[in-house]
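Dear colleague,

Please find below the structure that I am handing over to you, followed by an account of what was found in it. I would be grateful if you kept the structure open while reading.

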Amino acid sequence: MSKRGLLVVYAGASGVGKGTIMKKLLAEDPNIRLSVSATTRAPREGEADGREYYFITREKFEELIANDGFLEHAEYVGNCYGTPKEPVFRMLAEGYDVFLEIELKGFLQIKKACPECLSIFIVPPSFEELQARLEGRGTETPEVIAARLKTAREELEHHHLFDYVVVNDDVDRAAKEVLSIVSDRKKQMV
Ligand code: 5GP
């Protein structure tokens with residue numbers, strides 16, 4: 001594998017099913033890698049440090065910002081999230097297609113620094129469905145769910161900034177659509 005990989009911004013509202021689609025992408029395309037972000041958010045049940053996220057303190061997060069350790073970083077509903085720079089550069093150089101599962105403000109930073117990146121926005125079939133999914137997940141308090149839904153509405157208004165919008169009406173179908181978008185972009189790169 002000698003060719004440089006593709007940088008993919010993979011965004012979408014909290015609870016839209018990005019993680020479930022991502023699992024399928026990773027299972028179906030061995031050339032895809034997911035960047036593991038750092039966050040100051042507390043781990044949810046079942047999340048492991050270094051797998052879903054690097055769970056770090058705000059002090060450590062600020063130290064990483066000061067040392068230019070992030071490709072992008074943003075605050076989302078009271079917590080900080082950032083993409084560690086070094087692993088992304090390394091994986092791209094190794095030829096992998098690297099997915100950044102990030103929110104809107106992070107995407108805008110990446111788009112500015114790397115306009116040729118591929119950006120995909122996952123949306124729910126309806127806003128009501130998103131609300132039902134977030135509530136059904138049961139991992140957040142009603143206040144946090146309300147704040148996440150408000151942010152989701154704001155993010156949805158910016159869908160036009162992304163190269164592609166994929167509706168998660170069915171996980172298998174949505175995963176196939178993402179894989180075909182990636183494959184088409186790679187053909188253009190040859
Ligand atoms: P959650 O707390 O539900 O895991 O993530 C909240 C939001 O932060 C999601 O939209 C997720 O995609 C986003 N996010 C996760 N990691 C990063 C990151 O490194 N940078 C940015 N900007 N957003 C992130």
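Valine 77 counts as partly exposed because its relative accessibility is 28%, and that state applies between the limits of 20% and 50%. Valine 77 lies in the loop between E5 and E6. Please note that the model is a predicted one.

A positive phi is also found at aspartate 68, with a value of about 60°, and aspartate 68 is not a glycine either. Its place is the loop between helix H2 (58-66) and E5.

In the side chain of serine 37, an N or O atom is 2.7 Å from an oxygen atom of the ligand. In the side chain of arginine 44, an N or O atom is 2.9 Å from an oxygen atom of the ligand. For glutamate 101 it is the backbone that takes part: one of its N or O atoms lies 3.2 Å from an oxygen atom of the ligand. The ligand taken alone exposes 510 Å², and the protein buries 96% of that area.

I now turn to individual residues elsewhere in the chain. Is aspartate 97 buried or exposed? At 1% relative accessibility, aspartate 97 counts as buried, since the limit for that state is under 20%. Aspartate 97 is found in strand E7, which covers residues 97-101. The side chain of aspartate 97 reaches the backbone nitrogen of leucine 6 at 2.9 Å.

Serine 35 is located in the loop between strand E2 (32-34) and strand E3 (37-39). With a relative accessibility of 8%, serine 35 counts as buried. Serine 35 and glutamate 52 are 17 residues apart along the chain, and their C-alpha atoms are separated by 9.4 Å.

Aspartate 29 is placed in the loop between helix H1 (18-28) and E2. Its relative accessibility is 18%, and therefore aspartate 29 counts as buried. How far is the C-alpha atom of aspartate 29 from that of arginine 148? The separation is 30 Å, and the two residues are 119 residues apart along the chain.

Finally, valine 166 belongs to strand E9 (residues 164-167). Valine 166 has a relative accessibility of 0% and so counts as buried. From valine 166 to aspartate 184 the distance is 15 Å, C-alpha to C-alpha, and the two are 18 residues apart in sequence.

Yours sincerely,
Your colleague

Notes:
Residues numbered from 1 in each chain as written. Predicted model: local features only at pLDDT ≥ 70, side-chain atom pairs only at ≥ 80, totals over all residues. Heavy atoms only, no water. Polar contact = N/O pair within 3.5 Å; in protein donor to acceptor, adjacent residues only side chain to side chain. Areas by Shrake-Rupley, 256 points an atom, 1.4 Å probe, with all protein chains shown as cover. Helix = DSSP H or I, 4+ residues; strand = E, 2+ residues; numbered from the N terminus. Buried < 20%, exposed > 50% of the residue type's maximum accessible area, 1.4 Å probe, protein only.
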